[in-house]
Amino acid sequence: MQKPISVRDALSSTAAQESASVQGWVRTRRDAKAFSFLEVNDGSCLKNLQVIAPAGLFNYPEVQHLITGASVAVRGKLVASQGQGQKWELVADEVRVVGPSDATYPLQKKGHTAEFLREIAHLRPRSNLFGAIFRTRSRLAYAVHRFFQERGFVYVHAPIITGSDCEGAGELFRVTTLDPSAPPKRPDGAVDFAKDFFARPTYLTVSGQLEAEAFACALSKVYTFGPTFRAEDSNTSRHASEFWMIEPEMAFCDLAGNMDLAEEFVKALIREARSTCAEDLELFGKFVDKDLISRLDFVLERPFQRVSYTEAVKLLVESGKTFEYPVAYGTNLQSEHERFLTESVFKCPVTVYNYPKEIKPFYMRLNDDDRTVTAMDVLVPGIGEIVGGSQREERLDVLEASMRRHKLDPKDYGWYLDLRRFGTVPHAGFGLGFERMLMFVTGVSNIRDVIPFARTPGNAAF
Ligand code: 4AD
Ligand code: MG
């Protein structure tokens with residue numbers, strides 16, 4: 001049998017082909033007098049390949065029953081198309097029905113709502129929009145690795161099961177093999193996790209940062225790229241319970257170097273999408289967000305603004321705008337504040353740095369003012385926070401004091417403190433939420449729609 005080519009390769013052919021094979025799923029069928037038109041899509045690109053199935057085919061009656069969703073393998077001549085909208089079409093010598101479909105196939109040509117499509121997450125990648133989203137996701141994942149590998153970073157696989165709560169927010173999914181209806185108890189009545197699988201309490205990781213720090217203090221420049229989990233009960237369009245994070249970590253690096261890398265990285269991913277996902281981006285620009293392309297280009301052209309937390313709060317207060325959550329020095333910036341800063345005050349991405357120590361995790365480096373830590377968040381229009389990072393506290397005594405302030409026992413973090421005992425160095429890193437980046441690049445406004453099978457509070461279907 002002839003080796004099939006993808007629809008993408010067929011459509012980008014440089015010459016007619018006497019014999020070509022293509023396989024995929026039927027999007028539509030239209031019958032004329034002496035033949036049927038089939039639009040076949042295999043997900044390799046946005047466009048369909050038009051197949052002309054002549055009435056002379058031995059199984060023509062079967063072809064005339066093909067409906068949306070059926071799978072076919074077609075062999076024929078790739079010829080210049082007479083019709084509009086495509087350069088090549090395939091005149092079939094053979095149309096083999098691989099798997100029929102039936103009238104209950106839920107994806108029809110008419111537009112469906114995002115909510116309905118989420119209920120058929122196993123079929124939605126067969127739609128134009130979701131095909132485009134997940135091709136873009138794949139391209140950007142590849143670009144993440146290229147970005148760091150080209151700059152000499154080493155890819156580290158941080159563990160998914162961990163004993164530590166990196167962010168200290170208590171949003172942990174417990175990992176246990178204990179019987180929930182009859183767990184072993186200690187004399188004081190508490191569950192005895194010493195009898196659990198790992199002989200200690202364990203969780204799904206919220207971040208690979210602490211482990212990445214260990215590797216940065218050996219390999220100098222490292223990054224992680226993997227799934228992270230948060231049992232955060234916030235049902236928003238920007239929070240998922242399982243999401244992918246990219247976390248670079250650099251030894252001998254300070255806050256300024258960290259901000260520079262974050263900006264360079266975000267821009268590189270946008271540039272990558274602009275150049276390698278042009279066709280899919282055009283679709284997003286047409287059907288998802290009319291301003292998408294101009295916004296992406298605008299972001300590429302300008303330096304991100306940088307503003308300290310103190311200045312940011314001042315700008316918010318002085319704006320006179322009424323927010324749902326009032327803003328004052330010492331409070332966490334809410335997403336409405338973040339979006340106001342980036343969308344209305346600066347009208348471009350902005351990096352906010354030096355937050356009050358009370359509202360940030362234990363590992364961030366204390367500034368000389370003794371009030372703020374070297375945190376940095378990158379905020380982008382339409383989303384708010386897309387990157388969170390910091391320079392890390394490299395001074396052993398200051399780190400121990402910070403742990404105690406955060407009600408953590410330094411004894412539980414012996415290995416982490418060792419990094420400060422043996423050849424400590426200034427180091428810094430950040431986490432980019434991969435899905436938030438995808439939302440930014442595609443214009444898709446709900447995180448559930450850039451994840452193949454989203455996990456959110458109350459939902460782990462599929
Ligand atoms: O700001 P976060 O919590 O920072 C960290 O986890 C650090 N340990 C990173 C580091 O310094 N290595 O999360 C980093 C980013 C956020 O800016 C956001 O883009 C994304 O991860 N993120 C989420 N994305 C989707 N759903 C959620 N529930 C998210 N929580 C954070
Ligand atoms: Mg954050």
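**Reading the fold**

Mentor: Residues 24 or more positions apart make 66% of the contacts in the chain with a separation of 6 or more, contact meaning heavy atoms within 4.5 Å. This is a predicted model, in which local features need pLDDT of at least 70 and side-chain atom pairs count only at pLDDT 80 or more, while totals for chains, interfaces and linings use all residues. Residues are numbered from 1 along each chain as its sequence is written, chains are lettered from A and ligands numbered from 1 in the order in which they are written, and side-chain values use heavy atoms, with hydrogens and water left out.

Trainee: How many helices and strands does the chain have?

Mentor: There are 13 helices and 16 strands; these are DSSP runs numbered from the N terminus, helices (H or I) of at least four residues and strands (E) of at least two.

Trainee: What describes two packed helices?

Mentor: The angle between their axes and the distance between the axes describe such a pair. Here, helix H6 (residues 255-276) packs on helix H8 (residues 292-301) at about 135 degrees, with the axes 10 Å apart. Axes are lines fitted to C-alpha atoms, for helices over the stretch in contact, and angles run from 0 to 180 degrees between N-to-C directions. H6 and H8 are therefore oblique to each other: angles under 35 degrees count as roughly parallel, over 145 as roughly antiparallel, 65 to 115 as roughly perpendicular and the rest as oblique. H6 contributes Lys-267, Ile-270, Arg-271 and Arg-274 to the contact, and H8 contributes Ile-293, Leu-296, Asp-297, Val-299 and Leu-300.

Trainee: In which order do the five strands of the barrel follow one another?

Mentor: The barrel closes in the order S1-S2-S3-S5-S4, with mixed pairing; two strands pair if DSSP finds at least two bridges between them. Strands S4 (residues 71-80) and S5 (residues 88-99) run antiparallel and are joined by 10 bridges.

Trainee: Where do the side chains of a regular strand point?

Mentor: They alternate between the two faces of the sheet. In strand S16 (residues 427-433), seven of the seven residues are buried, so S16 is largely enclosed by the rest of the structure. Buried means under 20% relative accessible area, exposed over 50%, and partly exposed in between (1.4 Å probe, protein chains only). One side of S16 holds His-427, Gly-429, Gly-431 and Gly-433, the other Ala-428, Phe-430 and Leu-432.

Trainee: Which residue is the bridge partner of Gly-388 in S16?

Mentor: The partner is Gly-431. Strand S15 (residues 384-391) runs antiparallel to S16, with five bridges joining them.
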